Amino acid sequence: MSRSSPPTCACWLLETIVPTPYREAILGDLIEEYTIRAESTSRSTASRWFWSQACRSVPSMIWSSLRSGNCFTSMSVAVGVYVFMATLKLAADWMITKAVSPDQTTRVIVAPIVFLTAAAIGGCIAGRIRRGATIFLASMVTITVAVSIYLKVCTIPVPWWYELGFLTLGPLAVIVTPTLFGRLKQQGPVT
Amino acid sequence: MKRGELLGSLEHIILLALVRLDGNAHGMIVRREIDERTGRNISIGAVYATLERLETKGYVSSFTGEPTPERGGRAKRMFRVEAAGKRALEVSEQTIRSMTAGLKDRWRTI
């Protein structure tokens, strides 16, 4: 974070939540005000103000999206991509089983790779179609993993951090991958 | 403005702020104006959500300005009050005036 750049995470939060028509305007306004505040007070005070504005804006923006129907479109996109992701993972699992008939240890090693790859691909597709859909998709992945852990779907004995890895890295892959590929920056006009 | 339809309190305040700012301002200026005059620290998201609602109702219109480096290359969205917005303000003001007329003495007894 340089002298005049606002908190990256707060910017990302707003880029993800704020509907397209006002995204540029809101971020631009906040960045301009942040710069003024950082020069007149201090960077930490300005950052606190920026975070406060970003967090307090989220409910209004979600409500605004719900009113305009944006949220439902994002949710629909997320559900579609989620089904695609699940199909992709099942197909990959089936192909691996057919090709190498893996033992338990190999399964434990391969499962997170397949899962995270499917999550990353799903995240990229969701972000490409609609930026806001990645949040819903990440939530759906979190819920699926949490339910799987609760129901003890995995019959192979694994350490606690293995399952925790799925729970944290899965949603993170969905959200972070589109940003890493720089797709979110180009998706303004699409959504 | 439909008969019986009144402006919400935030809609009312934001429309008044736009009028004060010569009917031509962007969200952050509106937020600052309200903060300075009323002490209400409204979030920028709430300001834009209300402006969007007012725009849907036809009370304000907006246009996009030029992107500037101070804004990280992002454009401003400027808002101005439309004739329907001015009428809505007048109706709201009139309604408030009618309802508060003659209540001055009663305030003391409440």
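In which sense, left-handed or right-handed, does helix 2 of chain B cross helix 3 of chain B? Before the answer, a word on conventions: the model is a predicted one, in which local features need pLDDT of at least 70 and side-chain atom pairs count only at pLDDT 80 or more, while totals for chains, interfaces and linings use all residues. Residues are numbered from 1 along each chain as its sequence is written, and chains are lettered from A, with ligands numbered from 1, in the order in which they are written.

Helix 2 of chain B passes helix 3 of chain B in a right-handed crossing, a crossing being right-handed if the near helix is turned clockwise from the far one by less than a right angle, and left-handed if anticlockwise. The two helices pack at an angle of about 110°, and their axes are 9 Å apart; axes here are lines fitted to C-alpha atoms, for helices over the stretch in contact, and angles run from 0 to 180 degrees between N-to-C directions. Helix 2 of chain B is therefore roughly perpendicular to helix 3 of chain B, a term used for angles of 65 to 115 degrees. From helix 2 of chain B, B:Gly27, B:Met28, B:Val30 and B:Arg31 meet B:Ile44, B:Val47, B:Tyr48 and B:Leu51 of helix 3 of chain B, residues being in contact if their C-beta atoms, placed from the backbone, lie within 7 Å. This set divides into 6 nonpolar, 1 polar and 1 charged, where Ala, Val, Leu, Ile, Met, Phe, Trp, Tyr, Cys and Pro count as nonpolar, Asp, Glu, Lys and Arg as charged, and the others, Gly among them, as polar.

These helices belong to a chain with 5 helices and 3 strands, arranged from the N terminus as α-β-α-α-β-β-α-α; helices (H or I, at least four residues) and strands (E, at least two) are DSSP runs. Strand 3 of chain B pairs with strand 1 (residues 25–26) of chain B in the antiparallel sense over 2 bridges, pairing requiring that DSSP find at least two bridges, and B:Phe79 is the bridge partner of B:Ala25. Strand 3 of chain B also runs antiparallel to strand 2 (residues 60–68) of chain B, to which 7 bridges join it, including the one between B:Val60 and B:Val81. Strands 2 and 3 of chain B form a hairpin with 5 residues between them, and B:Gly72 in the turn has a positive phi of about 65°.

Turning to the interface, 17 residues of chain B are in contact with 20 residues of chain A. Helix 2 (27–38), helix 3 (44–56) and strand 3 (74–81) of chain B each give two or more residues to the side that touches chain A, and helix 3 of chain B gives the most, with 6 residues. The residues on this side of chain B divide into 6 nonpolar, 5 polar and 6 charged.

Within helix 3 of chain B lies B:Gly45, which is buried because 27 other C-beta atoms are within 10 Å; 20 or more make a residue buried, 12 or fewer exposed, and a count in between partly exposed. Leaving aside its neighbours within four places in sequence, B:Gly45 is in contact with A:Ile26, A:Arg56, A:Ser57, A:Val58, A:Ser60 and A:Met61.

In chain A, A:Lys152 is found in the loop between helix 6 (133–150) and helix 7 (160–180), and counts as exposed because it has 8 C-beta neighbours inside 10 Å. Phi of A:Lys152 is near 55°, a positive value in a residue other than glycine.

How values were computed
Contact = placed C-beta atoms within 7 Å. Parallel < 35°, antiparallel > 145°, perpendicular 65-115°, else oblique.
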